[in-house]
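Please keep the sequence and the model in view while reading.

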Amino acid sequence: MAKLTEQDIQAWNGPEEEYMNEEHQTFFRDLLLKLQDELIHNANNTAGHLQEQATTPDPADRATLEEEYALELRTRDRERKLLSKIQASLRQLDEGDYGFCQDTGEPIGLKRLLARPTATLSVEAQERRERIKKQYVD
């Protein structure tokens with residue numbers, strides 16, 4: 001059995017009962033694990049980078065360094081949140097729930113999952129939630 005590629009996923013137009021079959025699950029598990037590894041690698045690089053902490057007597061240089069560190073930490077914080085979503089998606093794969101909308105139980109769709117591998121809602125369910133949220137804000 002050959003591994004599916006991104007092009008295979010985009011071109012897939014099989015019957016609904018073959019949605020999220022074993023090949024699809026393997027493809028998305030590999031994708032999620034690759035993303036997870038990249039995020040962990042980035043976090044390790046940041047930890048090492050922050051430990052280096054160059055000291056400089058010039059206040060402008062010090063302010064620039066502090067701003068760069070703050071930006072890097074904000075980026076890592078976003079990645080930390082993404083990492084938890086990736087791990088939740090891997091658990092869903094293990095449980096057989098991955099790729100199905102949490103609200104409706106309908107397939108999310110391979111193309112949407114390819115674009116956003118941690119998606120838990122179909123496009124329609126996500127839009128519905130956003131409309132409701134906007135109504136409460138307005």
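The sections below cover the basis of the model, a helix, a core, selected residues and a pocket.

## Basis of the model

The model is predicted; local features need pLDDT of at least 70, side-chain atom pairs count only at pLDDT 80 or more, and totals for chains, interfaces and linings use all residues. Residues are numbered from 1 along each chain as its sequence is written, and side-chain values use heavy atoms, with hydrogens and water left out.

## Helix 3

Helices are DSSP runs (H or I, at least four residues) numbered from the N terminus. Helix 3 has 37 residues and spans 54 Å from its first C-alpha to its last, close to the expected 54 Å; the expected span is 1.5 Å times one less than the number of residues. Buried residues (under 20% relative accessible area, with a 1.4 Å probe and protein chains only) in helix 3 include Y69, E72, R76, E79 and L83. Just after helix 3, G96 takes a positive phi of about 85 degrees.

I86 lies in helix 3 and is buried, at 0% relative accessibility. With neighbours within four places in sequence left aside, I86 is in contact (heavy atoms within 4.5 Å) with L32, L35, Q36, L39 and T118. The C-alpha atoms of I86 and L65, 21 residues apart along the chain, are separated by 31 Å.

## The largest nonpolar core

A nonpolar core is a set of buried Ala, Val, Leu, Ile, Met, Phe, Trp, Tyr and Cys residues joined through side-chain atoms within 4.5 Å. The largest such core has 20 residues, of which M20, F28, Y98 and L113 touch the most other members. Helix 2, helix 3 and helix 4 each give two or more residues to this core.

M20 is found in the loop between helix 1 (6-11) and helix 2, and it is buried at 6% relative accessibility. Most residues other than glycine have a negative phi. M20, although not a glycine, has a positive phi of about 55 degrees.

## L32 and T118

L32 belongs to helix 2 and is buried, with a relative accessible area of 0%. Apart from neighbours within four places in sequence, L32 is in contact with I86, S89, L90, L93, Y98, P117 and T118.

T118 lies in the loop between helix 4 and helix 5 (123-137). It is buried, with a relative accessible area of 12%. Not counting residues up to four places away in sequence, T118 touches L32, L82, K85, I86 and S89.

## The largest pocket

On a 1 Å grid over the protein atoms alone, a pocket is an open set of points where a 1.4 Å probe fits, with protein on both sides within 12 Å along at least five of seven lines; lining residues have an atom within 4 Å of a point. The largest pocket has a volume of about 170 Å³, the volume being the space filled by probe spheres set on the points, which are joined across faces, edges and corners.

Its lining consists of L31, L35, K81, L82, K85, I86, L114, A115, R116, P117 and T118. Helix 2 (22-52), helix 3 (59-95) and helix 4 (110-115) each give two or more residues to this lining, and the largest share, 4 residues, comes from helix 3. The lining residues divide into 7 nonpolar, 1 polar and 3 charged. Here Ala, Val, Leu, Ile, Met, Phe, Trp, Tyr, Cys and Pro count as nonpolar, Asp, Glu, Lys and Arg as charged, and the others, Gly among them, as polar.

Conventions. Buried < 20%, exposed > 50% of the residue type's maximum accessible area, 1.4 Å probe, protein only.
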